[in-house]
Amino acid sequence: MSRYELLSPEGLRIDGRRWNDLRRVFAQMATQPSSNGSSYFEMGNTKVICTIQGPGEPTSRSKTIHDRCSISVDLNYAPFSGIDRKRRGRGDKRTVEMQTSLENTFAQAIRTTLLARSEIIISLHILSQDGSVLAACINATTLALIDAGIPLTDYLVACTSGSSSSYSTQNDEDADPLLDVNSLEENDLPCLTVATLGATDKVVLLLMENKVNVEKLEEMLAVGIDGCKTMRRILDTTVRKHGKELLEKREQLR
Amino acid sequence: MTSLKRSFVAQAEEASGAPLLSSKVFLRSGRGRCTKVVRELYLRQDIPCSSKLCQACTYNAPTDANGKIRPFILSETPAGNKVFPNGHYLIPDTNIFLNCMDALEHKSAFYDVIVLQTVLEEVRNRSLPLYNRLRSLTKSEDKRFYVFHNDFRRETYITRNEGETINDRNDRAVRKACTWYQAHLVSSLEGSKRQVPDIVMVSDDKENLRLANEEGIKCCNIRDYINGLENPDELLDRISSSTDKTDAAATAFYAEYYSQSKITTGLKAGLLHQGPFSTSPYNFLEGSVITSSFDKPLIIQGRRNINRAVQGDIVVVEVLPKEQWKLPSARIVEEDALTKNDNPELGQAEQIETESERLALVEEARRTHNSTDENKLVPTAKVVGIVRRNWRQYVGHIDPSSVAAGRGRSQQSVFLIAMDKRIPKIRIKTRQAESLLGQRIVVTIDSWEKTSRFPSGHFVRALGELESKEAETEALLLEWDVQYRPFPQSVLDCLPKEGHEWRVPEKDSPLWKGRKDLRDLMVCSIDPPGCTDIDDALHARPLPNGNYQVGVHIADVSHFVKPGNAMDLEAASRGTTVYLVDKRIDMLPMLLGTDLCSLKPYVERFAFSVLWEMTPDAEIVSAEFTKSAIKSVEAFSYEQAQLRIDDINNQDDLTKSMRTLLDFSKKLKKRRMDAGALNLASPEVKVHTDSETSDPVDVETKQLRETNSLVEEFMLLANITVARKIYEAFPQTAMLRRHGAPPATNFEELQSQLRVRKNMDLRVESSKALADSLDTCVDPKEPFFNTLIRIMATRCMLSAEYFAAGAFAYPEFRHYGLASEIYTHFTSPIRRYADVIAHRQLAAAIEYEPVHDSLNSKSKLEGVCQNINVRHRNAQFAGRASVEYYVGQALKGKVTEQEGFVMRLMSNGFVVFVARFGIEGLIRTSDLDQPEPDATYDDTNYVLTIHDKKKPFQVALFDKVRVTVEMIKEERTGKRKIQLKLVR
Ligand SMILES: [Zn+2]
């Protein structure tokens, strides 16, 4: 028996949420004026800063593609972001893997053909990690890209979900899928990260590293996609609020 | 380890309804590193009060993923008692659950109870078993226990104040919840005419009660509360004795345990050692602790050194200086005999070791002193701390001599003598002493203070009259923790709707997908007579290429028992079917076990088949696994099968196929034995019972025929073949079974005994060597001698265990007894849960069905293994205890003279094994004559010389003796036991 009870029989999770509650989201745009676009994004205690450089002249020959722009992601974890203080090297395998999946995902959302022969550099700094790090990175990047004025087909939003069935001691049918997992849940349950393009059901990223029953996968996916829809609303509100503030400022300057 | 905590509450951005966020930051430093843990807490307002009276909460009750709302639990018309005549909901604090669980579980009272999250978590941290019992109370529909998550509800959440202890904070949280509940009920019932239920807090903490009174919360302590109920006596008996105030002035008999920090540093420095404590079965003043740092168990002698450790506890010990090292005890010391004059009432001049106990110890010391052989000395130790108590419920009876007659219904202390003789007497307080005399009762131990010679406990319930079949059967089921209650409705709901009418469907049904039709094969089953849960059936047929197809067909239990449903969970927790002499406690409901799954003859059944192609020399060419349907042509008993094979007139296909199987099985067995498999013996006896009354009438030793080993060989082969396959498919989570090689030191004593007494050499470097040398331990004049040695060798070995493949490296998988590299249980899914898992894994491995989650979670599988290992062992013990009881009953009123063998010598007695009944019994020197004759024990030659006045004589190890076997009842303690007497 584990030390924690991740989902109580009364349906409450370890941090007091219910199965379909997102954690508190806090998002800001244009946090770093020195860059072309930037954002700060919190999902619960997972905190990410994103800055964009570009689109600009590619940094190297290999980054020059004749009919579209190239995307480079640079991800780093702050040494104080986790439970233990530790530094991760550049070549850390998991970091490289995440960079690649971010690059591939955003290649589907950015209208790359409009920006041929240029490069966009996305830098992500993870300040604090408490589960769903990849999802937070995707959401932060979307905001920063909008701030940088890079053409996107729609909001690219991401969310995680977990399955409590292999953990729960009760009947399988009673086990609920859990939305937006924190690090305790992520460690003990099979979890997936799903990213969709806007409010459509178009899934552009699906990442899962555990084995899980096919039936459970369906449930998890459905919950995750619902979460993405909510996430899109939150990002949209943030963008509109930011836009409004910008307009007001401009008005005042006039 | 220090823990620094900071917490703050921040308002969420959206105002209405959204949960508040509070996050806690823990800074922990341990092992020279600093770690930071941030935990968020979402405070919400949609946690219902769950009172059926409340409108407000029904309105915004949350739903789960299927859109269902959890039903409200607390009754509209809760009961009152004399103290609080208004109907009320109870809110107990943590200590009430820790000390009074037996009373809370009682049917007569304690309904409509609110369990606060704060309290539930504290219970969980303090005792997992109690937590599980509390959880099952909250699941029970009629008790109406509701878990209220007060730490997640905005209004009842509190943060710890500066300088406040955790306990004080938790007490305050309980009071806060009480206040909120009361106000909430009043406000939600405002305007209606209904009576508002009171909220009553129950606590035994004086300070908490005082503060509650100040804050206007209705409250009282548990005794006052119970005294206001209908049947206070019965409930008061069930309250843990640790709520009694102990007299601080009383002198301490036992040394204080070391402090936690002293133990931790001691263990780290290697000065202290940790391990499970067990009491010697022959000497209650001696125990042993198995630790990882010594290859032999450490001996602990005397009450003072045992220092309140009870059988099964995990203890910390300190090794005594070498001058105090001893020989392992060779004396029989029985608690009943030595402590018969003890007074159960506390406070009188108690001594930790009475005069007679001290004499027993002195005798021991003298022996050590005289002994010349330094090497035989064993390190001794004393208990200095307890890591974990493994106290459970104990079954026993009240020592009649401890009951003061004529005390009526006033409370008195009495002793309970546990059935398990390794458990010390337990002091319990009861008001019903006289009515409990002569009853089998269940008690638990609550505490063992250093001021008390005996542990104190409390009465839980009575099972019925001593020696009545019902009470004794229930007692032994309880002793071995066998779940024997009827299956709940939720389990029965999982059975197929067709009931006994279930049939193998037509071929066009989807159930035939991936399933082979083997209904035309000549399949038959061979089992013990009267067997109704038939797990396995066999066939063999020649193939055109001169080879043979051999098939083992196993009941397709996993077709009916789907992972994760109520039936599966029940089976997983039962773990195994338990066979008693006259009763079977099933793992699966009867409908499946004896009908739908059972491979009965003449009907079509689903099966899981292993099919081999074998050469006529029984070499395996290939193996195939498939789900199938079969129709068994006959169900034989071992004897019937043997007769049919032996009768040369039978030349039909079925008999031919059985002969092939028998022939192959002999070849397989030979190959297995050559590889070093052990042929071990355990005394198996069969009790004949009168078919009408099921009273035992006779006992006989079980007979083994060739057909027994026919079935066994093919089952072993199937198990090994399946084990390989599922390990390939699930390298981390395959359900396997291993049997560790016993350390050579385990055999030292037996080796030396054989060398000295019989000039025989027992070699133990491998299972092969052991098997071969066991074959040479033969006394031509005494055929039973070899069996005796095998029984004794078996006791030196480790027990086999289930494990998930990832838990060990491949070389550790080895099954020592079967001399197989890898092994699992596949062939008895009706009666063993491990086999059900193996079936599911095999089905997934051959891609018959998708892998279920539970098969992939290593931690979950390890949990399953742990449970079934315990259940399996307990089932064996329960079965043996049942045989023992029936042998006893069969012997009641008879005195028979039997042959026996001396299997152990002690300085004041010896143990005799009676093969006919499979029992062993003690003969004390004091039983031989009155007054007790002197005896000298020569422990290098294993000879006990008894200086009988009339005619001195000697008893040596392995001697054949004649004894009378008789069932007697000890007048004083009311214990019935088998008594052996030496015939001279
Ligand atoms: Zn309410």
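1. In this predicted model, strand E20 (residues 523–527) of chain B pairs in the parallel sense with strand E26 (residues 620–637) of chain B, over five bridges. Within that pairing, Ile526(B) has Phe636(B) in E26(B) as its bridge partner. Backbone hydrogen bonds are what hold the strands of a sheet in such pairs, whether parallel or antiparallel.

2. How far is strand E20 of chain B enclosed by the rest of the structure? Five of its five residues are buried, so the strand is largely enclosed. Val523(B), Ser525(B) and Asp527(B) point one way from E20(B), while Cys524(B) and Ile526(B) point the other way, and all are buried. Side chains in a regular strand alternate between the two faces of the sheet.

3. The zinc ion deserves a careful look, and its protein donors are the SG atoms of Cys49(B), Cys54(B) and Cys57(B) together with NE2 of His184(B), at 1.9 to 2.3 Å from the ion. The four donor atoms subtend angles of 105 to 114° around the zinc ion, and because four donors count as tetrahedral if all angles lie between 85 and 135 degrees, the arrangement is tetrahedral. For comparison, the ideal angle for four tetrahedral donors at a metal is 109.5 degrees.

4. Along the sequence, the donor residues of the zinc ion follow the spacing C-x4-C-x2-C-x126-H.

5. Strand E14 (residues 393–398) and strand E17 (residues 439–447) of chain B pair in the antiparallel sense over four bridges, and Val395(B) stands opposite Val442(B) in E17(B).

6. Leaving aside neighbours within four places in sequence, His815(B) is in contact with Arg737(B), Arg738(B), His739(B), Ala800(B), Ser820(B) and Tyr823(B).

7. In chain A, strand E8 (residues 191–197) and strand E9 (residues 203–208) run antiparallel and are joined by five bridges, with Leu205(A) in E9(A) as the bridge partner of Ala195(A). The two strands form a hairpin with five residues between them, and Gly198(A) in the turn has a positive phi of about 65°.

8. As for chain B overall, it has 27 helices and 38 strands, and buried residues make up 54% of its 984 residues. Among its contacts between residues at least 6 apart in sequence, 66% join residues at least 24 apart.

9. On confidence, the predictor gives the complex an ipTM of 0.86 and a pTM of 0.68. Chain B averages a pLDDT of 82, and 86% of the residues score at least 70. Residues 1–18 of chain B, however, stay under 50, and the model has 33 contacts for them beyond four places in sequence. Where pLDDT is low, the predicted coordinates should not be read in detail.

Conventions
Residues are numbered from 1 along each chain as its sequence is written. Chains are lettered from A and ligands numbered from 1 in the order in which they are written. This is a predicted model: local features need pLDDT of at least 70, side-chain atom pairs count only at pLDDT 80 or more; totals for chains, interfaces and linings use all residues. Side-chain values use heavy atoms; hydrogens and water are left out. pLDDT is the predictor's confidence in each residue, from 0 to 100. Contact means heavy atoms within 4.5 Å. Donors are N, O and S atoms within 2.8 Å of the metal (3.2 Å for Na, K and Ca); water is not among the atoms, so sites may look incomplete. Four donors count as tetrahedral if all angles lie between 85 and 135 degrees; four count as square planar and six as octahedral if opposite donors are over 155 degrees apart and all others between 65 and 115; anything else is irregular. Two strands pair if DSSP finds at least two bridges between them. Buried means under 20% relative accessible area, exposed over 50%, partly exposed in between (1.4 Å probe, protein chains only).
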